[in-house]
Structure formats: C-alpha cells, structure tokens
Number of protein chains: 2
Amino acid sequence: MFDTLAVLGTGLIGASILRAAKARGLARRLVAWDIRADASGHCLENGWAHEAPQALAEAVREADLVVIATPADTVGELAGRISAHLKHGALVTDAGSTKGHAARIAHAAMPAYAFYVGAHPMAGSEKNGPGAARAELFEGRACFITPMAGRTDEDAALRVGEFWAALGARPVTASPDDHDEIVAHVSHLPHAAAAALACTLANHPDSWRECAGGGLRDTTRVAGGDVEIWRAILMENRHEVVRAIGAFERELVALREALESNDSTRLCEMLERGKAWRDGFPA
Amino acid sequence: MFDTLAVLGTGLIGASILRAAKARGLARRLVAWDIRADASGHCLENGWAHEAPQALAEAVREADLVVIATPADTVGELAGRISAHLKHGALVTDAGSTKGHAARIAHAAMPAYAFYVGAHPMAGSEKNGPGAARAELFEGRACFITPMAGRTDEDAALRVGEFWAALGARPVTASPDDHDEIVAHVSHLPHAAAAALACTLANHPDSWRECAGGGLRDTTRVAGGDVEIWRAILMENRHEVVRAIGAFERELVALREALESNDSTRLCEMLERGKAWRDGFPA
C-alpha cells in the first residue's frame with residue numbers, strides 16, 4: 001500500500017499501528033521514532049519496525065505516509081518540525097484525540113507538496129506504552145477522518161481513510177470541530193466521569209474497593225489511563241469537555257432530586273431512558 | 001451441607017444460587033419458587049431444582065435454608081409471608097442489595113425457632129432472568145453478611161457465612177447500616193453515574209454511539225441493567241445514595257472548574273488521585 005511508513009510516537013497507539021501495518025503487509029518499510037529511544041527501540045527489537053532513528057528528520061525523510069501518534073497537544077508542533085523534511089507527495093496523518101486546534105496548526109505547517117489529513121482511531125486501553133500494543137487494536141473500531149473544508153486535499157483524505165480501513169478500522173468522516181464535540185461526549189466525558197468517581201471512592205477506606213462487584217470496576221476502568229495523555233486530551237478539548245460535563249451534571253442532579261423527592265416515576269423514566277440508549281450499543 | 005435448600009425468586013441471582021449449590025453439592029434437595037411460574041419452571045426444566053411448587057408455603061416447608069433472592073424492596077415482606085411456614089431451626093438469608101430497612105422487618109417477622117441473617121453477594125450482570133444464571137457467578141466475589149447487633153443469632157450468622165463461602169464467595173461482615181453506606185458508594189453510585197451518563201448521550205444522535213471506543217461502553221455498561229430491580233434498590237437505599245451522588249457531584253464540579261480555569265496542575269492532581277485509587281483495584 002505504501003513503500004515507507006513512519007510512525008512518530010510509539011506508545012500504545014503508535015506501536016499498535018506498526019504491528020497492525022506489519023501484520024497486514026501495508027508497507028515495505030516501517031520506521032519507528034519516539035522522543036524516548038527506549039520506546040522506539042522496543043519496536044525495533046520486537047521486529048515491528050525496520051529502523052528506529054533518533055533524528056526526527058531522518059525518520060520522515062523517505063516516508064510516503066507519516067502517522068503522528070504523540071500526545072494530543074504535541075501533534076501540531078510535531079507537524080511543524082517535520083514539514084521541511086517531508087518528501088514530495090508525502091501524506092501526513094495523526095491519531096490525536098482532539099482535532100480543531102491541531103488541524104489548523106498542522107495544515108498551516110505543511111509545505112505545498114505534502115498533504116495533512118487529521119484522523120483519530122477510537123481505540124485505546126487503560127494500559128499504555130509499546131508493551132501494551134496489539135495488532136488487532138483497531139479492528140472494528142471507528143476511526144474519525146477529519147478533513148477541513150477548503151483546506152484538506154480530497155484525494156489525500158480518501159487515501160488516509162483507506163489506510164485506516166486497511167488497519168481494520170471503520171472510517172467515519174467529520175469536520176474537526178464536529179469531531180471535537182462528538183468525542184467530548186463519547187470519550188472525554190466518560191473519562192472525566194470515571195476519574196471523578198474514582199476520586200469520590202478514594203475518600204473512603206481501601207477495604208470498600210475490595211467489596212465491589214463488576215459495576216464499579218467497569219465504570220472506573222478508564223480512570224486507570226495514563227495521566228499525562230489524558231491531561232493533554234482534556235486540556236486541549238476543554239471548551240467542549242466543559243459543556244459535556246455540564247450536561248452530565250444536569251442529568252445527575254435530576255436523578256438525585258428524583259431520589260430526594262421519593263419520586264419513583266421520575267427515577268424510572270431516567271433509568272428507562274438510559275437503558276434504552278445503552279441497549280442500542282452495537283453488541 | 002443442608003438437606004433442603006429453597007430459593008425464593010429465581011432471576012439471575014436466585015437461579016445462579018441454585019446452579020452453584022447443585023454444582024458444589026451443597027444440598028440434597030433444591031426447591032425453586034418465583035412469583036412467575038415460568039422463572040421457577042426454567043430452573044426445574046434445566047435440572048437446577050428438584051421441585052418448583054407454586055405455593056410459597058409449600059416451597060419453604062421442608063427447607064433447612066431459605067434464600068430470598070427477590071427484588072430489594074420485597075425481601076422484608078416475603079420474610080413475613082413465609083414465617084408461619086418455616087420448620088424449626090430453619091435458617092433464612094437473602095441476597096438483597098439494601099439491608100438496613102429489610103433487616104429490621106425480616107428480624108421482626110421471624111418466629112423464635114427460625115433465624116434470619118442478611119446477606120448480599122456483590123455479583124450480578126446487566127443481563128437478568130434465570131437464562132443468564134451461571135454456577136460461577138459468585139466465585140471470588142465479596143458477599144456481605146450483615147448481622148444486627150443483639151438481634152441476629154451468632155451461630156446462624158456463621159453458618160450463613162459458610163454457605164456463601166461454599167458457593168465460592170468471600171464473606172465480609174458488616175452491620176446493615178454500614179453495608180448500606182458502603183454499597184451506596186461501590187455499587188449504587190456507579191449505577192446512578194452510568195444511568196446519568198447514558199441519559200446525557202441519549203440527547204445526541206445515535207450515530208455518536210457508533211463512534212465510541214471501549215471507554216463509553218464500559219463506563220455505561222451497568223445502565224443496561226433491569227429497570228425494576230434498580231428502581232427498587234435505589235429507592236430503598238435512597239438516603240445513602242443521595243449522599244454518595246452529592247459527593248460525586250463535588251468531585252465532578254472540581255474537575256470541570258479545573259478545566260474552565262485552564263488549571264493543568266489541579267486537573268493532574270485529580271487524574272493522579274483517581275488513577276492511584278483505580279490501580280489499587282484487585283487485578
């Protein structure tokens with residue numbers, strides 16, 4: 001599909017892209033780069049990459065496709081740092097969890113002969129680092145492709161969509177701003193809720209945790225995620241996340257008030273509405 | 001361990017008790033009763049019970065141990081309805097999710113020659129009904145044993161604890177009121193949070209749900225639970241649940257305010273605190 005694929009940032013997502021691209025034969029040559037040499041070295045040692053240069057310029061020089069898989073708030077900056085070293089016709093995409101801000105910077109940074117197309121695979125884990133990478137991470141998962149109207153090359157957007165589909169994901173096209181509103185609700189809000197729930201429980205004895213069933217475990221799972229990655233995501237998308245948390249607070253207060261006023265009918269109405277939505281989840 | 005075991009209410013929990021008791025050889029004779037004859041009939045047809053009488057009196061008459069596994073707000077009433085039909089020396093326990101209120105009613109209902117001991121296994125599923133029952137449901141799960149000081153017979157409490165341990169659970173002793181405070185936080189609050197989160201998402205297009213990764217799926221899983229069962233639990237324990245939701249709201253507002261004021265340090269502090277708590281979860 002490509003001659004040379006370079007992945008910048010080989011944490012969970014970047015290393016999984018390398019593993020998936022290798023397993024599916026999507027590139028002849030795979031290049032890993034990470035600011036921490038041990039992370040890109042891990043990919044080299046495990047045979048997920050053919051080379052792992054320390055210099056960023058060297059990592060992208062031959063690449064037909066560059067995937068930036070670093071934390072959300074560094075994507076724009078990294079696009080700027082590689083722009084002078086890209087080859088003619090190179091495609092650049094990313095896997096960042098926020099799009100509006102990064103997309104504007106990345107587009108502005110591209111030379112006329114290279115093409116940026118934002119992307120965001122809806123896959124992850126509460127584990128992080130290349131040691132947690134899996135070739136199947138993206139299978140069946142939605143992957144946002146976020147072209148900017150009037151800025152993103154349409155052919156490049158199609159090819160980047162085909163790349164993510166070839167990794168096993170299901171491409172979904174949305175504008176960068178629509179993307180940020182949607183993920184604020186389907187990803188960042190659940191993370192904020194899980195973190196706040198974990199903080200609530202952290203005020204009580206540890207022995208309580210050992211009494212919990214599967215519900216608390218699942219509801220808080222994502223709160224175990226990497227702090228630096230999630231700090232970056234939540235701060236980068238904070239305007240949308242604040243709005244989403246506000247909407248969630250209103251539902252929570254309505255539920256509490258139904259209990260306070262002993263209003264079984266209102267409580268049932270909310271439980272029914274939540275269940276109907278949850279039951280519609282793809283199995 | 002017992003000659004005759006009667007389980008009243010053969011939904012997910014009750015039918016799983018029958019299956020586990022059968023698999024582990026805990027009783028010579030297993031009796032299933034449910035207000036819906038199809039639910040107890042399901043247990044009979046699958047060989048999980050030896051009989052499934054329609055009359056409640058008949059179901060408990062020979063029982064050495066009666067387990068009430070009906071919805072939380074019916075446990076006290078059912079204890080009253082069976083009391084006149086219990087044999088001398090019978091043990092009565094339950095699997096209800098709230099304890100303070102039910103324990104007082106159940107104790108008051110017992111004849112002098114029978115012994116009530118409250119219990120609550122921390123196991124369940126978003127699926128319900130006997131079709132979802134599993135013999136392994138209680139394995140490794142905590143099970144609260146909730147003796148009332150000065151009311152519950154100590155020997156009876158020990159024997160009921162041994163029964164739940166024999167089903168594979170890990171008995172944890174707590175007073176009924178302590179139990180209700182703990183489960184308000186480790187079980188009922190996560191359910192309320194999941195329901196409110198599902199209601200928040202239900203205000204947006206269904207297509208958003210299809211873009212979600214595993215985080216939203218896990219965070220809302222319990223919102224798919226049976227509405228009538230959860231209405232009963234949340235209403236029965238509403239005073240403690242209201243307090244727990246209030247504490248959760250305060251953490252959520254603190255997180256939102258950290259984002260609104262662009263305060264990365266405060267956000268990190270909360271994410272760290274939540275992660276430290278979540279990482280302490282037994283693997």
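The legends below describe close-up views of a predicted model.

Local features are given only at pLDDT of at least 70 and side-chain atom pairs count only at pLDDT 80 or more, while totals for chains, interfaces and linings use all residues. Residues are numbered from 1 along each chain as its sequence is written, and chains are lettered from A and ligands numbered from 1 in the order in which they are written.

**View 1. The contact between chain A and chain B.** Chain B gives 75 residues and chain A gives 76 residues to the contact; two residues are in contact if their C-beta atoms, placed from the backbone, lie within 7 Å. On the side of chain B that touches chain A, two or more residues come from each of α7 (176-202), α8 (206-210), α9 (214-219), α10 (227-236), α11 (238-260) and α12 (264-279) of chain B. Helices (H or I, at least four residues) and strands (E, at least two) are DSSP runs, numbered from the N terminus. α7(B) has the largest share of that side, 17 residues. By class, the side of chain B that touches chain A holds 42 nonpolar, 15 polar and 18 charged residues. Ala, Val, Leu, Ile, Met, Phe, Trp, Tyr, Cys and Pro count as nonpolar, Asp, Glu, Lys and Arg as charged, and the others, Gly among them, as polar.

**View 2. The rotation axis.** Chain B is superposed on chain A by a rotation of 180 degrees with 0.0 Å of shift along the axis (RMSD 0.0 Å), fitted by least squares on the C-alpha atoms of residues with pLDDT of at least 70 in both. The two copies are thus related as by a two-fold rotation axis. Of the residues of chain B, Thr219(B) comes closest to this axis, its C-alpha lying at 2.0 Å.

**View 3. The two domains of chain A.** An automatic or database domain assignment divides chain A into domain 1 (2-174) and domain 2 (179-279). Their C-alpha centres are 30 Å apart. In chain A, 15 residues of domain 1 are in contact with 17 residues of domain 2. α5 (100-109) and β6 (142-146) of chain A each supply at least two residues of the domain 1 side.

View 4. Of the 12 residues of α1(B), 10 are buried, so the helix is largely enclosed by the rest of the structure. A residue is buried if 20 or more other C-beta atoms, placed from the backbone, lie within 10 Å of its own. Among the buried residues are Leu12(B), Ile13(B), Ile17(B) and Arg19(B). Their cover includes β1 (2-8), β2 (27-33), α2 (37-45) and β3 (65-68) of chain B. Just after α1(B), Gly25(B) has a positive phi of about 60 degrees.
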